[in-house]
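Dear colleague,

Please find the structure below. My notes on its side-chain packing come after it.

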Amino acid sequence: VPSNPVLQRMFPGIQIGPTRTQRQQSLGSGVIVSPDGYVVTNNHVIQGAEEIQVVLYDGSTTNARVIGTDADTDLAVLKIDTPNLPSVAIADKTPLNVGDVVLAIGNPFGLNRTVTMGIVSALGRQLNLSSQQNASTYTDFIQTDAAINPGNSGGALVNAYGELVGINSDIFSPSGGSIGIGFAIPVGTAKAVLDQIVAHGRVIRGWLGAEYADVNVLQNPGTTHGVAIIGIYDKGPAALAGFKPGDVLFTLDGKPIASQLELRNHEASLAPGTQVQLTGERNGTPFSLAVSLQERPQRQTSG
C-alpha cells in the first residue's frame with residue numbers, strides 16, 4: 001500500500017484458471033445510452049479484452065462488441081444486440097453545480113446494482129495523471145464524495161432526477177478504496193465521444209501540432225491569460241505556420257485563451273482542415289498567424 005494517496009483506476013483484475021494457461025477476468029460497469037443497445041464504459045475496463053460480456057439488470061448475460069474506443073478520454077462504446085432496452089436519460093440541458101446531489105451506480109467489488117449517494121464536490125478538476133498509462137487528455141472531471149470503489153469504472157453518475165451527468169472513472173485513495181474523493185467524466189464529453197464513435201468508429205479531432213503550458217503570471221507581469229508553446233511537432237500545423245517554442249498565445253479567432261486545457265479542448269472540437277487565427281507574442285513582439293488544423297493522430301495504448 002503506498003504511503004501517499006494516489007489516483008486509482010476502478011476495476012479489479014482476478015486471475016483464474018490453471019497455472020500454465022491463465023485468463024484474466026476484469027469487472028467493471030457500463031451505461032446503456034440507447035434502446036438499441038449502445039453502451040458507454042471506460043476504455044480501461046475493456047482494453048485488451050478478447051471477449052466482453054454484459055450482465056443486464058435482470059441478470060441475463062449477453063456478448064458485446066466494441067464499436068470504438070478513445071484513449072484520450074478513457075471512454076469506449078460497446079454494442080449489444082438486445083432490443084428495446086431501457087436507457088438512461090442524459091442531462092444535456094440540466095446544468096450541474098457544486099453541491100448538487102448525485103448518485104453513483106455500478107458494480108463495486110462485483111456487488112451489482114449498487115447505488116451510493118453524495119454531492120458534487122467540484123467541477124472542472126484537472127488531474128495529474130502523468131503516471132497513468134491510460135491518462136485522459138481532454139477531460140475536466142467532476143469530483144464527488146459519492147462512494148466509488150473498484151468495479152465502479154464506467155458506471156453512471158446521475159443527478160437527483162435520474163439523468164446521467166457523468167461516467168465514473170477514477171478515485172484518489174491511499175488504499176484503492178473510497179475515501180470520498182472520486183472523479184467522473186462529464187456527460188458532455190461522453191456524449192460527444194459517443195456520437196463520433198457511432199458515426200465514424202473513432203473520434204476525429206482538430207490538431208494544432210503543439211504542446212502547451214499555462215503562462216506563469218509571475219514571469220509575465222500584466223498577463224491575465226494565454227498559454228506558452230513548449231514543443232512543436234515536426235511537419236505539424238504549428239510548425240508549417242511558423243510557430244516556435246517559447247511563443248505565447250493570447251487569442252484564437254479573437255477569443256481569449258484562458259488555459260492550456262481550454263485551448264486543447266477548443267482545437268479538438270474543430271474539424272480538420274479548419275483555418276484559425278492565433279495572436280500572441282514572441283520575445284515581446286506581437287504576431288498574428290493563420291493555421292490550418294490537421295486531424296490529431298490517434299493515441300496508441302498497449303493492451
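The notes below cover aromatic pairs, charges over rings and nonpolar cores.

This is a predicted model, in which local features need pLDDT of at least 70 and side-chain atom pairs count only at pLDDT 80 or more, while totals for chains, interfaces and linings use all residues. Residues are numbered from 1 along each chain as its sequence is written, and side-chain values use heavy atoms, with hydrogens and water left out.

The whole structure holds 3 aromatic pairs (ring centres of Phe, Tyr or Trp, for Trp the six-membered ring, within 6.5 Å; planes under 30 degrees apart are stacked, over 60 edge-to-face, the rest tilted). One of them is Phe141 with Phe183: the centres are 6.2 Å apart and the planes at 75°, so this pair is edge-to-face. Phe141 belongs to strand 12 and Phe183 to strand 15, so the pair ties together parts 42 residues apart in sequence (strands are DSSP E runs of at least two residues, helices H or I runs of at least four, numbered from the N terminus). Both Phe141 and Phe183 are buried (under 20% relative accessible area, 1.4 Å probe, protein chains only).

Phe243 and Phe287 also pair edge-to-face, at 5.8 Å and 75°. Arg282 lies over the face of Phe287, 5.5 Å from the ring centre (CZ of Arg within 6 Å of the centre and within 35 degrees of the ring normal).

The largest nonpolar core has 20 residues (buried Ala, Val, Leu, Ile, Met, Phe, Trp, Tyr and Cys joined through side-chain atoms within 4.5 Å). Helix 2 gives the most to this core, 5 residues. A second, separate core of 16 residues includes Phe287.

Regards

Technical notes. Buried means under 20% relative accessible area, exposed over 50%, partly exposed in between (1.4 Å probe, protein chains only).
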